[in-house]
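Biologist: I am new to this structure. Please take a close look at the packing of its side chains and describe it in one connected account.

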Amino acid sequence: MIENTYPVALSRLGDEDDTRENQAERAITWLCKQSGGDITVITPKKYFENSAIKQLIQIKGVKHYSWRENDGQYLTGRVLYAWPNRERLSNLWHSQLDALAVLEWGEDKDWMTIAKPIILLPNDKIVEPTAT
C-alpha cells in the first residue's frame, strides 16, 4: 500500500456546538502553517456556503476547483480537500503534495489507517496518529 510522505490533517467536527465553519478554520490554519507550494482548494461544487473557505480562495495564488473540475489526481503543493468521499481520497495517491488538510464528512477508516492524519478538534486539541 502507498503511504504518504507529506503531513496530513483531518479536521473533524467536535461536539454539538462545533460548526462546519470552525472545522474549516482549523484546517486552513493548520495548512497555512505547513511549508510547501501554492494552496489548492477542492470543494464538492464551485458554489458553497462556508465563509472561511471563501476567504481563503480570494487570496492571490490560491486555486479553487470543484469535484467536477478536478478529481484530486496529479495535484501538487498544499491542498485543502472539503468533504471528500472514499473515491476522491483514493485519487490523492497519484498526487505529489506538500501537505493535505481534509474536512471530514464521514469517517473512512481505511484511508485513515494508511494516511495517518493528525486529527484537528475544537479548542486547539490535536490527536496524533497511532502507530500501526
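**Side-chain packing**

Modeller: The count of aromatic pairs comes to 0, where rings of Phe, Tyr and Trp (its six-membered ring) pair if their centres lie within 6.5 Å. This is a predicted model, in which local features need pLDDT of at least 70, side-chain atom pairs count only at pLDDT 80 or more, and totals for chains, interfaces and linings use all residues. Residues are numbered from 1 along each chain as its sequence is written, and side-chain values use heavy atoms, with hydrogens and water left out.

A nonpolar core is a set of buried Ala, Val, Leu, Ile, Met, Phe, Trp, Tyr and Cys residues joined through side-chain atoms within 4.5 Å; buried means under 20% relative accessible area, with a 1.4 Å probe and protein chains only. The largest such core has 22 residues, of which Trp30, Leu31, Val41, Ile53, Leu56, Leu80 and Leu103 touch the most other members. Two or more residues come from each of α1 (20-33), β2 (39-43), α2 (51-57), β4 (76-82), β5 (96-103) and β6 (118-121); helices (H or I, at least four residues) and strands (E, at least two) are DSSP runs, numbered from the N terminus. Helix α1 contributes the most, with 5 residues. Another core, of 18 residues, lies apart from this one and includes Ile42, Leu92, Leu100 and Trp111.

Beyond its neighbours within four places in sequence, Leu103 has contacts (heavy atoms within 4.5 Å) with residues including Gln23, Ala27, Ile53, Leu80 and Trp83.

Arg88, in helix α3 (residues 86-91), counts as buried because its relative accessibility is 15%.

Methods: Buried < 20%, exposed > 50% of the residue type's maximum accessible area, 1.4 Å probe, protein only. Phe/Tyr/Trp six-rings, centres within 6.5 Å; stacked < 30°, edge-to-face > 60°.
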